[in-house]
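I opened this entry to keep track of what I looked up, one topic at a time. The structure comes first, and my notes follow.

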Amino acid sequence: MGSAQADGARTGETTTEDAGSPVLLREPAEGTPPVVTDPAALAEACARLAAGTGAVAVDTERASGYRYFPKAYLVQLRREGSGTVLLDPIALADDLAPLREVLNDTEWVLHAASQDLPCLAELDLRPKSLFDTELAGRLAGYERVALGTLVELLLGYTLEKGHSAADWSKRPLPVDWLNYAALDVELLNELRERLEVELESQGKLEWARQEFEAVRTAPPPAPRAEPWRRTSGVHKIRNPRGLAAVRELWQARDELARKRDRAPSRILPDSAIVNAVTSDPKTVEELQALPVFSGRVQRKYTASWLRHLQAAKTLPASELPSPTQPSDGPPPVNRWADKDPDAAARLSAARAALAAIAEDRRLPVENLMLPDLVRRTCWRPPTDLSEDGVAAVLQAGGARPWQVELTVGALSKALHTTASA
């Protein structure tokens, strides 16, 4: 629909849509915003944002699946009285100080904030506080919490989709991509208002505030000890020498992907790594005969890939990886009954109790309490199984006050469970 028709739909005027049907939005109400790419345009945009009121709706577009580094290639902003701003952070990398002055002292509204905050932090953009509409939807009890789903359910609009997996590092960005990006913040503040009212009516607004603050202040995740073990299909390879070959190829691919800023899967797919290891080629020609490696682009790298495969064959036994992934956590749950029947009984009781609480409060059970924290606590319970003792363990594990308050009694009781009970 054109912007005039969209405006009418958003102000309650008569539209061509059937009454009661969601209104499809294909472009922003004020038209496609220009992309801010220079300091002068940024100064004007920041002045508009500073003159606005209330929270700032924020979103980013990255190039996942195309680039190695998870940078923001477009930042979308919208504030009441300011309109929508589309900003190219790559072009403005050294000129973002005016934006920081405006944004870093305001509340942000984001959808699935944990996805956007890391790339914004790289630009030294950090919210004073935030409201996460996806997390709010979960806490409010909605089963489906995608942005488009919540907008349609609560606001009556359907957002034009189709570019979420696009290569946002492309320049110039097509107009339809810019419309898609702008629509992601077009209704975000209004959605926040609806969800805030809903959370307040359910007595969950304080819970949400604690969750939002936990997301805002969360530290970066610790690097994985052996990230190569996440290679898709690696379970097919069970011997240490074969796993060493996977590790060699994975690390070589990762180094090349980092240098070229390309997604590793575009350098060499996981399936090709596993296929090369299981096929065990002895020559460049044998490697090039395999799928993927026979391609024109891959052929110039096959000698290097083969060297890494052969390097794994000469490693001393002491440098070979373990067949199983090291872990500081409990074993897989399906082994608990054999390894520790009492722990299995504790976990069963804890899960049943948490499921009942979650159902009563209209919450996903994983938002009521982190499943990993539940497993760890049931596998190695504290010496003090009183509510105070269990509360201390939950708090040390990152549980928020509202979660502890709701669950500590049930979990304390579950931790007293034994297999013979």
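**Helix H8**

I began with helix H8, residues 188–201: at 1.5 Å a residue its 14 residues should span 20 Å, and its end C-alpha atoms are 20 Å apart, which agrees. The expected span of a helix is 1.5 Å times one less than its number of residues. Helices (H or I, at least four residues) and strands (E, at least two) are DSSP runs, numbered from the N terminus.

I then listed the buried residues of H8, which are Leu 188, Asn 189, Leu 191, Arg 192, Leu 195 and Leu 199. They lie on the same side of H8, because they cover an arc of only 145° around the axis. The arc is that of the directions from the helix axis to the C-beta atoms. Buried means under 20% relative accessible area, exposed over 50%, and partly exposed in between (1.4 Å probe, protein chains only). On the face turned away from the buried side of H8 I found the exposed residues Glu 193, Val 197, Glu 200 and Ser 201. Just after H8, Gly 203 has a positive phi of about 75°.

**What I am working with**

I noted that this is a predicted model, in which local features need pLDDT of at least 70 and side-chain atom pairs count only at pLDDT 80 or more, while totals for chains, interfaces and linings use all residues. Residues are numbered from 1 along each chain as its sequence is written, and side-chain values use heavy atoms, with hydrogens and water left out.

**The whole chain**

I counted 21 helices and eight strands in the protein chain. Its C-alpha atoms fill a box of roughly 70 × 65 × 45 Å, taken along the principal axes. Of the 421 residues of the protein chain, 46% count as buried. I also looked up contacts (heavy atoms within 4.5 Å). Among those in the protein chain with a separation of 6 or more, 65% are between residues 24 or more positions apart.

**Helix H6**

Which residues of helix H6 are buried? In H6, residues 147–155, they are Leu 147, Leu 150, Val 151, Leu 154 and Leu 155. Their arc around the axis is only 100°, so they are on the same side of H6. Their cover includes helix H5 (133–139), strand S8 (157–159), helix H7 (175–186) and H8. Gly 156 follows H6 and has a positive phi, near 80°.

Between S8 and H7 there is a loop, and Pro 172 is found in it. I noted a cis peptide bond joining Arg 171 and Pro 172, with omega about -5°.

**Two buried residues**

I looked up Thr 231 in the loop between helix H9 (205–217) and helix H10 (240–260). Thr 231 counts as buried, because its relative accessibility is 3%. Leaving aside neighbours within four places in sequence, Thr 231 is in contact with Val 246, Trp 250, Asp 270 and Val 274.

Ala 272 is in helix H12, residues 270–279. With 2% relative accessibility, Ala 272 counts as buried. I found that Ala 272 touches Val 292 and Phe 293, not counting residues up to four places away in sequence. From Ala 272 to Val 197 I noted 75 residues in sequence and 51 Å in space, C-alpha to C-alpha.

Where is Asp 261 found? Asp 261 is in the loop between H10 and helix H11 (264–267). Its phi is positive, near 50°, and Asp 261 is a residue other than glycine. I noted Asp 261 as buried, because its relative accessible area is 12%.

Arg 362 is not a glycine, although it has a positive phi of about 55°. I placed Arg 362 in the loop between helix H17 (341–361) and helix H18 (365–368). At 43% relative accessibility, Arg 362 counts as partly exposed.

**Helix H20**

My last entry is on helix H20, residues 387–396, where the buried residues are Gly 389, Val 390, Ala 391 and Leu 394. Among the elements that cover them are helix H19 (371–379) and helix H21 (401–414).
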